[in-house]
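Here is a short briefing for a first look at this structure. Start with the view below, then read the points by topic.

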There are 2 protein chains.
Amino acid sequence: MNYSENVPRKSINAIDRLTSLFSRLPGLGKKSAGRLVYHILDADPGYARSLGEELLAFHQAIKRCSRCGSYTESDPCAICSDVSREKVICVVERAQDVRVIEESKEFRGHFHVLGGVIAPLEGVNPENLAIGELIVRVRREEIQEVILAMNPTVEGDTTALYIQKVLKDTGVPVTRLASGLPVGGDLEYADRLTLSRSFRGRIQM
Amino acid sequence: MNYSENVPRKSINAIDRLTSLFSRLPGLGKKSAGRLVYHILDADPGYARSLGEELLAFHQAIKRCSRCGSYTESDPCAICSDVSREKVICVVERAQDVRVIEESKEFRGHFHVLGGVIAPLEGVNPENLAIGELIVRVRREEIQEVILAMNPTVEGDTTALYIQKVLKDTGVPVTRLASGLPVGGDLEYADRLTLSRSFRGRIQM
């Protein structure tokens with residue numbers, strides 16, 4: 001995704017440029033982006049400065065953990081480095097899912113970020129996901145259980161089945177979060193109770 | 001408003017800091033702010049860079065027009081400098097209302113930004129608004145009509161009545177945008193047709 005294109009610098013003014021940039025974010029249309037821009041104009045200039053500085057340093061401050069693939073400031077990340085955690089890997093689609101599960105405090109093991117789900121129509125095949133790395137970790141880190149926490153969608157189900165198959169040889173039990181997550185929904189918007197139920201009711205695959 | 005406070009630099013990481021900053025914008029809760037942050041992480045780093053640079057330069061690029069009070073990159077603004085415009089002043093509450101009316105293309109005169117409406121309970125009295133400047137402009141710029149485009153709220157009505165009174169001595173006709181704008185609503189969200197109707201049906205005060 002290249003969001004920096006199509007913002008000519010000279011022809012339009014700073015308000016239009018900032019509105020145009022904000023309106024590329026998810027859930028922000030042209031009008032709501034405009035509201036943000038005028039809000040920033042009316043606010044203390046220190047706010048725009050803080051936000052600008054954070055954004056400029058952002059991609060340099062945050063990298064992916066070389067072990068689990070989640071976003072982190074140090075590599076390996078704090079979770080991977082924590083030896084007190086259980087030898088269980090929770091496999092998630094995206095890095096932000098790690099945060100959602102961490103905040104629920106329902107799980108005290110390790111994570112593995114796939115980077116998506118198998119979706120052949122969109123050109124995402126197993127080799128595009130961090131599945132090979134998962135197999136290596138399961139063997140090397142003496143993992144006792146793999147919990148699949150993909151979203152309960154068709155692609156999530158397909159991916160879960162695929163991973164269960166490729167992990168069979170390792171002999172490690174593979175479970176999946178119980179439904180309880182609304183079908184077709186998004187892990188990110190699950191409340192703590194729903195997540196808790198999903199962890200406790202997870203099913204053998 | 002000081003938004004740069006309460007964001008300790010060391011104790012939390014870059015993702016949390018950026019989420020916290022975004023969540024101070026209107027209409028963005030903690031979850032939707034988090035979504036934006038992860039979206040930015042997944043996007044091309046050029047996007048965060050563009051947005052960061054725009055924000056850092058923003059308050060320096062944009063100032064208030066010393067004549068009409070709207071946000072501009074040059075002073076006086078392009079509208080105030082345009083001698084081909086009609087000698088009519090449209091009085092609005094906030095600078096963003098200028099843009100809304102300009103985009104409707106229903107009005108080809110000048111603007112005057114009050115900077116709010118009379119609201120004694122919130123400590124906003126006539127002397128806190130750019131009403132004195134309006135009187136000076138009406139006399140000096142040989143204005144033929146003043147159109148009051150405050151939002152149709154109690155405070156907007158009060159302010160309109162007050163301005164109509166103080167402009168009586170100038171002999172310049174003072175009109176107000178017709179209702180057609182939904183009562184209690186916000187000028188910013190009016191569609192073009194509603195705005196058009198309001199301009200055409202404006203009433204003598």
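Chain A and chain B bury about 6000 Å² between them. Of that area, 64% is on carbon and sulfur atoms. The model is predicted.

**The interface between the chains**

- The contact involves 56 residues of chain A and 56 residues of chain B.
- Eight salt bridges are counted between chain A and chain B.
- A salt bridge joins the side chains of Lys30(A) and Glu103(B), at 3.8 Å from N to O.
- Across the interface of chain A and chain B, 12 residue pairs are in polar contact, with both residues at pLDDT 80 or more.
- On the side of chain A that touches chain B, the elements giving two or more residues are helix H1 (14-22), helix H2 (30-42), helix H3 (45-61) and H5 of chain A.
- H3(A) gives the most to that side, with 15 residues.
- By class, the side of chain A that touches chain B holds 29 nonpolar, 18 charged and nine polar residues.

**The largest nonpolar core**

- The largest nonpolar core has 42 residues.
- Which of its residues touch the most other members? They are Phe22(A), Phe58(A), Phe22(B) and Phe58(B).
- Both chains supply this core: H1, H2 and H3 of chain A, and helix H1 (14-22), helix H2 (30-42) and helix H3 (45-61) of chain B, each give at least two residues.
- Phe22(B) touches Phe22(A), Tyr47(A) and Leu51(A) in chain A.
- Within chain B, Phe22(B) touches Leu28(B), Ala33(B), Leu36(B), Val37(B) and Ile40(B), leaving out residues up to four places away in sequence.

**Helix H5 of chain A**

- Helix H5 of chain A spans residues 95-104.
- Seven of its 10 residues are buried, so the helix is largely enclosed by the rest of the structure.
- The buried residues of H5(A) are Ala95(A), Gln96(A), Asp97(A), Val98(A), Val100(A), Ile101(A) and Ser104(A).

**Arg85(A), a residue in a loop**

- Arg85(A) sits in the loop between helix H4 (78-81) and strand E3 (88-92) of chain A.
- Is Arg85(A) buried or exposed? Its relative accessible area is 7%, so Arg85(A) is buried, the cut-off being under 20%.
- Setting aside neighbours within four places in sequence, Arg85(A) is in contact with Ile79(A), Glu102(A), Phe107(A), Arg108(A), Gly109(A), His110(A) and Phe111(A).

Definitions and conventions
Residues are numbered from 1 along each chain as its sequence is written. Chains are lettered from A and ligands numbered from 1 in the order in which they are written. This is a predicted model: local features need pLDDT of at least 70, side-chain atom pairs count only at pLDDT 80 or more; totals for chains, interfaces and linings use all residues. Side-chain values use heavy atoms; hydrogens and water are left out. Buried means under 20% relative accessible area, exposed over 50%, partly exposed in between (1.4 Å probe, protein chains only). Helices (H or I, at least four residues) and strands (E, at least two) are DSSP runs, numbered from the N terminus. Contact means heavy atoms within 4.5 Å. Buried area is the accessible area (1.4 Å probe) that two parts lose on being put together, summed over both. A salt bridge is a side-chain nitrogen of Lys or Arg within 4 Å of a carboxyl oxygen of Asp or Glu. A polar contact is a pair of N or O atoms within 3.5 Å; within protein, one must be able to donate a hydrogen and the other to accept it, and residues adjacent in sequence count only if both atoms are side-chain atoms. Ala, Val, Leu, Ile, Met, Phe, Trp, Tyr, Cys and Pro count as nonpolar, Asp, Glu, Lys and Arg as charged, and the others, Gly among them, as polar. A nonpolar core is a set of buried Ala, Val, Leu, Ile, Met, Phe, Trp, Tyr and Cys residues joined through side-chain atoms within 4.5 Å.
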